Amino acid sequence: MSYINTWGVYQAFQGIDDDMIDIDDRMNFFGMIPNGKIFECVNAGENLTLRYGDKEFRVNPQLYKVVNEPKYKIGDKVNIISKSKIVKITDINWHIKENTPFYFVQEDGKKSTRRYYESELEKLDEL
């Protein structure tokens, strides 16, 4: 299977799975607390190159699990339907039990602690 242009999660634990992440990318990868985040696979060979926002990481494909592509991407400006408020997507995570993505946003210059699901948001060009 070719992983290029797929979206997925990469459940790796620092101190256990260190050798699964390219040595030059380990500090930044584990520093972002990767578990549960949804990555885009942008290159595949012996290793995968996973993108999260503007960051890229080289990883062993063994721990990569493909999930559905999220409707919204990091940096997208969306409207919170219940508030009629424009915000920016800052994080995309995978809800394992519900098998769906959820999002964190930047609201009034700071990261929201509330998670939002696709049904609660609409992209600005959909308004």
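**Close-up views of strand pairing and salt bridges**

**View 1. Strand β6 and its two partners.** Strand β6 (residues 77-80) and β7 run antiparallel and are joined by 4 bridges. Two strands count as paired here if DSSP finds at least two bridges between them; strands (E, at least two residues) and helices (H or I, at least four) are DSSP runs, numbered from the N terminus. Look for Val78, which stands opposite Val87 in β7. The hairpin of β6 and β7 has 4 residues between the strands, and Ser84 takes a positive phi near 50° there. Strand β6 also runs antiparallel to β11 (residues 121-123), with 3 bridges joining the two. Within β11, Glu122 is the bridge partner of Asn79.

A word on the model before we go on: this is a predicted structure, in which local features need pLDDT of at least 70 and side-chain atom pairs count only at pLDDT 80 or more, while totals for chains, interfaces and linings use all residues. Residues are numbered from 1 along each chain as its sequence is written, and side-chain values use heavy atoms, with hydrogens and water left out.

**View 2. The salt bridge of Arg58 and Asp25.** A search of the whole structure finds 12 salt bridges, each being a side-chain nitrogen of Lys or Arg within 4 Å of a carboxyl oxygen of Asp or Glu. In this one, the closest N and O atoms of Arg58 and Asp25 are 2.9 Å apart. The pair links distant parts of the chain, 33 residues apart: Arg58 sits in strand β4 (residues 55-59), and Asp25 in the loop between β1 (7-10) and α1 (26-31). Asp25 counts as buried at 10% relative accessibility, whereas Arg58 is partly exposed, with a relative accessible area of 33%. Buried means under 20% relative accessible area, exposed over 50%, and partly exposed in between (1.4 Å probe, protein chains only).

**View 3. The salt bridge of Asp91 and Lys37.** Here the closest N and O atoms of the two residues are 3.3 Å apart. Asp91 belongs to strand β7 (residues 85-95) and Lys37 to the loop between α1 and β2 (38-44), so this pair ties together parts that are 54 residues apart in sequence. Asp91 and Lys37 are both buried.

**View 4. The salt bridge of Arg51 and Glu56.** These two side chains meet at 2.8 Å, N to O. Arg51 is partly exposed, with a relative accessible area of 31%, and Glu56 is partly exposed too, at 40%.

**View 5. A network of salt bridges.** To finish, find Lys83, Lys85, Glu107 and Asp108, which are linked in a salt-bridge network.
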